[in-house]
Amino acid sequence: MKTKKIGMIAIILLFIMNLAYLPAIRAESFLGKFERGVEQEIGYYNYQSLIRQKSPARLKPAQAKRIQRIFEQLVAQSSRSDEVEYTLTIVEDPAINAFAVPGGYIFVNTGLIDFAQSDGEIAGVIGHEIAHIDRKHTMKSLYRTVGMSALWNLAMYKNDSSYKEVLNRVAGVSMTLIQLGYSREAEFEADAYGVRMMTAAGYSKNELLNFWKRVDAQSGNELPSIFQMFSTHPPVKERIAAIQEI
Ligand SMILES: [Zn+2]
């Protein structure tokens, strides 16, 4: 009898909790959908303008396949892999650089591929870029910079005559934010998540450390321009120390 009573109470409690939680879940998924739509619009716009400016890499098919495989192994580890369609674009550029655009567009320069000495080193850098998307770093600073209302307009007035103008402006801010670089906190967070993704994909974080140690050894106090990727990042020695702690 006592067990039955407890069972009934538990069922009633679960029912009440469900009622309380359901609207919250619905609201969250609505907001989530809205955010994803806006991220996709802005990211695709940025992606389009970038591919107009850059030349596609001329890689041997086996090498292109190898980088794509590493990329896919890491994407599978992203917490957003079922809501974001990650794509990899390799561009012809000697600068050792990779970057991420909202919506899952990851760019990798041929200079980075040439500098890397193993699949694990490439995995470490790509993992870091995927982590910027995974943690929505650009979108978060975009919300802070242009405000939620500009983004809301993008989602609500797609057929409006001013839509293109708003998209152009907001996407321009997004591009500037990517070029200016993320905050130190965002960089350290991307390092931490990137390392988790690369280890879950079967790579050792020591490979990423090797990459950074070589960057450090070649740089002295000032990073040569070929290392443009790292000029906005926290100092290399600090990053190495933080990665060792993960
Ligand atoms: Zn970064």
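**Figure 1. Strand β3 and its cover.** Strand β3 is mostly covered, with five of its five residues buried. A residue counts as buried if 20 or more other C-beta atoms lie within 10 Å of its own, as exposed if 12 or fewer do, and as partly exposed in between, with C-beta atoms placed from the backbone. Tyr105, Phe107 and Asn109 lie on one side of β3, Ile106 and Val108 lie on the other, and all are buried. In a regular strand the side chains alternate between the two faces of the sheet. This is a predicted model, in which local features need pLDDT of at least 70 and side-chain atom pairs count only at pLDDT 80 or more, while totals for chains, interfaces and linings use all residues. Residues are numbered from 1 along each chain as its sequence is written.

**Figure 2. The whole chain and its confidence.** The chain has ten helices and three strands. Helices (H or I, at least four residues) and strands (E, at least two) are DSSP runs, numbered from the N terminus. From the N terminus on, the order of elements is α-α-β-β-β-α-α-α-α-α-α-α-α. Buried residues make up 32% of the 246 residues in the chain. Mean pLDDT, where pLDDT is the predictor's confidence in each residue from 0 to 100, is 86 for the chain, and 83% of residues reach 70 or more. Confidence is lowest in helix α1 (residues 2-53), at a mean of 73, and highest in strand β1 (residues 87-91), at 98. Of the contacts in the chain with a separation of 6 or more, 71% are between residues 24 or more positions apart. Two residues are in contact if their C-beta atoms, placed from the backbone, lie within 7 Å.

**Figure 3. The open sheet of three strands.** The strands are in the order β1-β3-β2, with mixed pairing. Two strands pair if DSSP finds at least two bridges between them. Because β1 and β2 (98-101) stand at the edges with a single partner strand each, one side of each is left without a neighbour in the sheet. From one strand to the next, the twist averages 20°. Strands of a sheet pair through backbone hydrogen bonds, either parallel or antiparallel.

**Figure 4. The pairing of β1 with β3.** β1 and strand β3 (residues 105-109) run parallel and are joined by five bridges. Opposite leucine 88 stands isoleucine 106 of β3. Isoleucine 90 has valine 108 in β3 as its bridge partner, and valine 91 stands opposite asparagine 109 in β3. On β1, Leu88 and Ile90 form a covered face, whereas Thr87, Thr89 and Val91 form an uncovered one.

**Figure 5. The hairpin of β2 and β3.** β2 and β3 run antiparallel and are joined by four bridges. Valine 101 has tyrosine 105 in β3 as its bridge partner. Three residues lie between the strands of this hairpin, in which glycine 103 takes a positive phi near 90°. α4 lies across β2 and β3, running at about 20° to β2. Axes are lines fitted to C-alpha atoms, for helices over the stretch in contact, and angles run from 0 to 180 degrees between N-to-C directions.

**Figure 6. The largest nonpolar core.** A nonpolar core is a set of buried Ala, Val, Leu, Ile, Met, Phe, Trp, Tyr and Cys residues joined through C-beta atoms within 7 Å. The largest has 42 residues, of which Leu74, Ile106, Val108, Leu112, Ile122, Ile126 and Ile130 touch the most other members. Helix α4 (residues 119-134) provides the largest share of this core, seven residues. Isoleucine 122 is in contact with Ile67, Ile70, Ile113 and Ala116, leaving aside its neighbours within four places in sequence. Another core, of seven residues, lies apart from the largest one and has Ile42, Tyr45, Val170 and Ala171 among its members.

**Figure 7. Valine 195 and its surroundings.** Valine 195 lies in helix α8 (residues 184-200). Valine 195 counts as buried because it has 22 C-beta neighbours inside 10 Å. Not counting residues up to four places away in sequence, valine 195 touches Lys205, Leu208, Ile243 and Ile246. Glycine 124 is 71 residues from valine 195 along the chain, and their C-alpha atoms are separated by 6.5 Å.

**Figure 8. Helix α5 and the glycine after it.** In helix α5 (residues 137-146), the buried residues are His137, Thr138, Met139 and Leu142. Glycine 147 follows α5 and has a positive phi, near 85°.
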